[in-house]
Amino acid sequence: MTTRYVLRTGDIIHSDRNPDELDVYCYRSGTNPPTCLLLSEQAEADFLLRYGSEELNMAYPG
């Protein structure tokens, strides 16, 4: 099931990843897919570093 992840900037990312391992607040409205708010800078960084290269085609300088 696709989950909507909302970054603190308001940008939205759709992902099939399970939000259980992240610092998020999730809610569902009616039959819509869950929406999860990433609650901290660290949660955003963890999400983007963990899933960004696979799903978002992003790379990070290292």
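Asp23 lies in the loop between strand 2 and strand 3. Asp23 is partly exposed, with a relative accessible area of 42%. The model is predicted: local features need pLDDT of at least 70, side-chain atom pairs count only at pLDDT 80 or more, and totals for chains, interfaces and linings use all residues. Residues are numbered from 1 along each chain as its sequence is written, and side-chain values use heavy atoms, with hydrogens and water left out.

**Terms for elements and exposure**

- Helices (H or I, at least four residues) and strands (E, at least two) are DSSP runs, numbered from the N terminus.
- Buried means under 20% relative accessible area, exposed means over 50%, and partly exposed is in between (1.4 Å probe, protein chains only).

**Around Asp23**

- The C-alpha atoms of Asp23 and Leu38 are separated by 6.3 Å. These two residues are 15 residues apart along the chain.
- Contact means heavy atoms within 4.5 Å. Leaving aside neighbours within four places in sequence, Asp23 is in contact with Leu37, Leu38, Leu39, Ser40 and Ala43.

**Overall layout**

- Along the sequence, the pattern reads β-β-β-β-α.
- The protein has 62 residues, and 31% of them count as buried.
- Take the contacts in the protein with a separation of 6 or more: residues 24 or more positions apart account for 45% of them.
- The accessible surface of the protein comes to about 4,300 Å². Carbon and sulfur atoms hold 48% of that surface. Accessible areas come from the Shrake-Rupley method with a 1.4 Å probe; for residues, only the protein chains shown count as cover.

**Salt bridges**

- A salt bridge is a side-chain nitrogen of Lys or Arg within 4 Å of a carboxyl oxygen of Asp or Glu. The whole structure has two salt bridges.
- Glu41 lies in helix 1 (residues 41-55) and Arg8 in the loop between strand 1 (3-6) and strand 2, so the pair ties together parts that are 33 residues apart in sequence.
- Arg8 also forms a salt bridge with Glu44, where the closest N and O atoms are 3.3 Å apart. Glu44 lies in helix 1 and Arg8 in the loop between strand 1 and strand 2, so this pair ties together parts that are 36 residues apart in sequence.
- Salt bridges that share partners join Arg8, Glu41 and Glu44 into one network.
- Glu41 is exposed, with a relative accessible area of 60%. Arg8 is partly exposed at 47%. Glu44 counts as buried, at 12% relative accessibility.

**Disulfide**

- A disulfide is a pair of cysteine sulfur atoms within 2.5 Å. A search of the whole structure finds one.
- This disulfide joins Cys26 to Cys36, with an S to S distance of 2.0 Å. Cys26 lies in strand 3 and Cys36 in strand 4 (residues 35-38), so the pair ties together parts that are ten residues apart in sequence.
- The torsion about the S-S bond of Cys26 and Cys36 is about 105°, so the disulfide is right-handed.
- Cys26 counts as partly exposed, at 32% relative accessibility. Cys36 is buried, with a relative accessible area of 0%.

- Ser15 sits in strand 2 (residues 12-15). Ser15 is buried, at 2% relative accessible area.
- The side chain of Ser15 reaches the backbone nitrogen of Arg17 at 3.0 Å.
- Asp16 is in the loop between strand 2 and strand 3. Asp16 counts as exposed, at 57% relative accessibility.
- The side chains of Asp16 and Thr2 make a polar contact at 2.9 Å. A polar contact is a pair of N or O atoms within 3.5 Å; within protein, one must be able to donate a hydrogen and the other to accept it, and residues adjacent in sequence count only if both atoms are side-chain atoms.
- The C-alpha atoms of Asp16 and Met1 are separated by 5.7 Å, with the two residues 15 residues apart along the chain.

**Surface patch**

- Tyr25, Tyr27 and Leu39 form a nonpolar patch on the surface. Together they have about 320 Å² of accessible area.
- Patches are made of residues with over 30% relative accessible area and no salt bridge: like charges are joined within 9 Å, and nonpolar side chains (Val, Leu, Ile, Met, Phe, Trp, Tyr) within 5 Å.
- Tyr27 is found in strand 3 (residues 24-27). Tyr27 counts as partly exposed, at 37% relative accessibility.
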